[in-house]
Amino acid sequence: MTDLATVLEIWEPVIGLEVHIQLATESKAFSASATGFGAPPNSLTDPTVLGLPGALPSFNVRALELALRLGVATGSKIRARCRFARKHYFYPDLPKGYQISQYDEPLCEDGAVEVMVAGGASGPLERRKVRLQRIHLEEDAGKNTHHGTSSLVDLNRAGVPLCEVVTLPDLHSAADAAEYMRALHRLVRYLGVSEGDMEKGQLRCDANVSVRRRGEDRLGTRTELKNINSFRFVQKAIEHEIGRQVRILEDGGAVERETRLWDASAGVSQPMRSKEEIADYRYFPDPDLPPLTVDGATMRKVITTMPELPAPKLERFVREYGLTFDDAATLTAERELADFLDAAVRAAGNGALARPMASFMLNELLRVLDGRPIGQSPVTPVALAELVGLVASDVISGKIAKDVFTSMWETGDAARVIVERDGLRQISDEATLRSMCEQIIADNPKQVELYRAGKESLLGFFVGLVMKASDGKANPGLTTELMKKLLAGS
Amino acid sequence: MSDELAFAGVVELARRVRAKEVSAREVADAFLSRIDAHDGALGTYLVVDHDGARAQADAVDAAIAGGADPGPLAGVAMAVKDVIVTEGLVTTAASKILAGWVPPYDATAVARLRAAGAVILGKLNCDEFAMGSSNERSAWKPCRNPWDRDRVPGGSSGGSAAAVAAGLAAASLGTDTGGSIRQPAAFCGVVGFKPTYGRVSRWGAIAFASSLDQIGPLARSVGDAARVLEVIAGLDPRDSTSIDQPAPALEAALAAGVAGLKVGLPREYFEGSIDAEVAAAVHAAGAALVAAGAELCEVSLPHTRYALPAYYVIAPAEAASNLARYDGVRFGHRATARELGDMYATTRAEGFGPEVKRRIMIGTYALRAGYYDAYYKKAQQVRALIKRDFDQAFELVDVILAPTTPTPAFAIGEKATPLDMYQTDVFTLACNLAGIPGLAVPVGAATSGLPIGAQLLGRPLDEATVVRAGAVIEAAFGTKRPPAGGAA
């Protein structure tokens, strides 16, 4: 067995993903019971969620709006009329013995998720489309936990609305699959469709993986990998599965059609059920729920409130703001970050400041935020624009700007206020700078002699002393120029 | 005194209670003592809520004393079929799998009864999960026909019909999936009203077949049934299939008469194995309508004979799905077992009776992958044809008059095979498949003394016309009491 790269010269992986996305509604898909994370077990329930005799579902239209946003953002065909179907299986976390889902009439079909990739080391941006087979609405199940010989059921999550987003087998590497997941994650967060918190299970992924010899048209036998719930696991689990299948095929064996469960801690997958055991879900239209209709007013509302999507935004940041792909990718990863930069650029009224403001965000703001959302920053986009404007107009140096920023973060005061109060204005007056330089020269005769004897690297030493003497306020460019002139003895 | 109250009827009881001629408590006590005295022999009740009923009655009396409007059903002592959930009162759907289950909520229909001042006496016997036509499929005990205790009261709402006939409730709620209100009403000589599908919220009605189930009243008169239906009808956001229409003004229709009304007799209902006395009684009801100014004609419902096979695909398929929730995990019976799969299998094997299991098997079979088109989908197509039959008939007539059952009440144990039993619903199923309203009214008795029923079928949401015709027939035939008020 050789390494994956060599294997992939011969074998082509074919991957499709099914991603379950928890919709950010306040109540459940088919009842008024609240949604939430971390509440006491079985506290977020009602007769409908518990599947009590006589209880009925009534659809939460908020879930429809959120799903439609995703449908429109992915350019999907939206059905004006679709149906819910019952999917039957027995499991303790499934209260009714069936899940309300959609089967032959999904809400959305034939969309695509755009994934932006850097086209090589310095090449242009590339937009890649991952085609979607369908997006449908369904309800989540609860959660079983096992304690020795007994098991407990928590139905807080049962009935939470989900979108299932199913791709065509359009992905051909584990890295592409992970990149698609990131793009989808970014998209749903942009749209406000989901909080997408993977640790809370708000985004969960199953992967269908097969391999075939490059050049072959026919698809190989696929396996379904379940329970891959982080970007890293998506990549690792799929890489592992590609390797496993290639090994079987190279040994002359046949891949078995089965469902496998990814064990993240062991880094391996285990068979869960074989084809023979694949359940007959006995789908049929749910007679408790009339067909779901999407009217023009709903569609208009969804379309007119659609935000700029991540892929076009990234492209714009590179094109208009002159950011590198990586910086643009970081700043468009979260809609709030990108909105912050856009707001700062608007406040500055000067597109040329976009780049220094972006680098301030990347180097300073994100560091002090330390993972907290940017909404918690006491430094507003307007305040950042003012600060960077002071640097651009030579009022303060870039170095001082960092101190001013720290002070802004701590006090919430405006940059100009801090600069005036603390006397941080950059010294750019030539006479003042000249007398400071002359003083340094007078104080360091030995070093002056060495410099004049040819050790020109000492220039930094002299400039540094001026900076120190001026508490960093001396204009570094002017000081360097002046010092050079004075040392040359003119 | 107590017997007089027991047969006074809903409208009259509410009038007397509102007029303070009698207290709600006296009414409740009268019914409770009759139940205690006579129900042992009849088996109409599964639970009698003595304390709860008295407390509700006292609350009605207190409201009246305080000058508040006690509602249109003030002090009316009613009872509810055991497939309709009642907060705090054991509800089992007459099944062992729900033994001892106490619902934490009221069905919408029950909540509306309470809000209107009705007093709930208890829960009424029925076939397990409403699956049956004789009440012989109750997991708990048989229910007997007050006219002849060797005969069935009909089903599945057998207890609901027998209790009203025997004066053990002024009126009751039943459910009708394929005739389960109308057929027992006919067998017990009372009025049974299956409203348009969606007219009454199904919230709290333990589902048998969701696209067919409908709650409705059983009562001693058309006026009583109309009063109850007006109270329970109307939109309920908790049932997505409930119709956004105001409750129909039915009491206003009672005295409207049938002058000029076109009444259709469906040819197909008189062609098969219908008892001659039943056919004659229905024709007599038609004559009564003509005498009151209606015009009678024959209509055709050509797909009638496909109603039974279509029903026995659709209803079991939905039932198999609806009954998946009885798994022993969250409520009701749970068998002891070592493994999860065993727990499911044993719980359901022990908890469900044979008829319920049969329908789960049929329904599961019909929904198997690859068979959906051949069975469920085909049956739905047949259903559309049956609906079209009615649409076309209602272009010619305003209301359809038909027999409710092929024969009067049959003997306990008489229907030996499931198919024999299914055949007894042959006249009632189409109404559910079409989703239209159906009102069963007594049309006299056979020479055996057993009651005979006719049903009036109307356009969707046109309960009012059905009530007009029902009131005229009732005036001609009346509602009779069983021998010794069923207490013999």
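**Chain contacts, a helix and a sheet**

In this model, 34 residues of chain B are in contact with 26 residues of chain A, contact being C-beta atoms, placed from the backbone, within 7 Å. On the chain B side, helix H10 (residues 307-322) gives the most, with 3 residues. Helices here are DSSP runs of H or I of at least four residues and strands are runs of E of at least two, numbered from the N terminus.

A note on conventions. The model is predicted: local features need pLDDT of at least 70, side-chain atom pairs count only at pLDDT 80 or more, and totals for chains, interfaces and linings use all residues. Residues are numbered from 1 along each chain as its sequence is written, and chains are lettered from A in the order in which they are written.

Next, chain B's sheet. Its 11 strands form an open sheet with mixed pairing, in the order E1-E3-E2-E4-E6-E5-E10-E11-E9-E7-E8; strands pair if DSSP finds at least two bridges between them. E1 (45-48) and E8 (295-299) of chain B stand at the edges with a single partner strand each, so one side of each has no neighbour in the sheet. Strand E7 (residues 262-266) of chain B runs parallel to E8(B), joined by 5 bridges, and B:Lys262 stands opposite B:Glu295.

Last, helix H9 of chain A, residues 335-348. Its 14 residues reach 20 Å from first C-alpha to last, close to the 20 Å expected, which is 1.5 Å times one less than the number of residues. Just after H9(A), A:Gly349 takes a positive phi of about 65 degrees.

Notes: Two residues are in contact if their C-beta atoms, placed from the backbone, lie within 7 Å.
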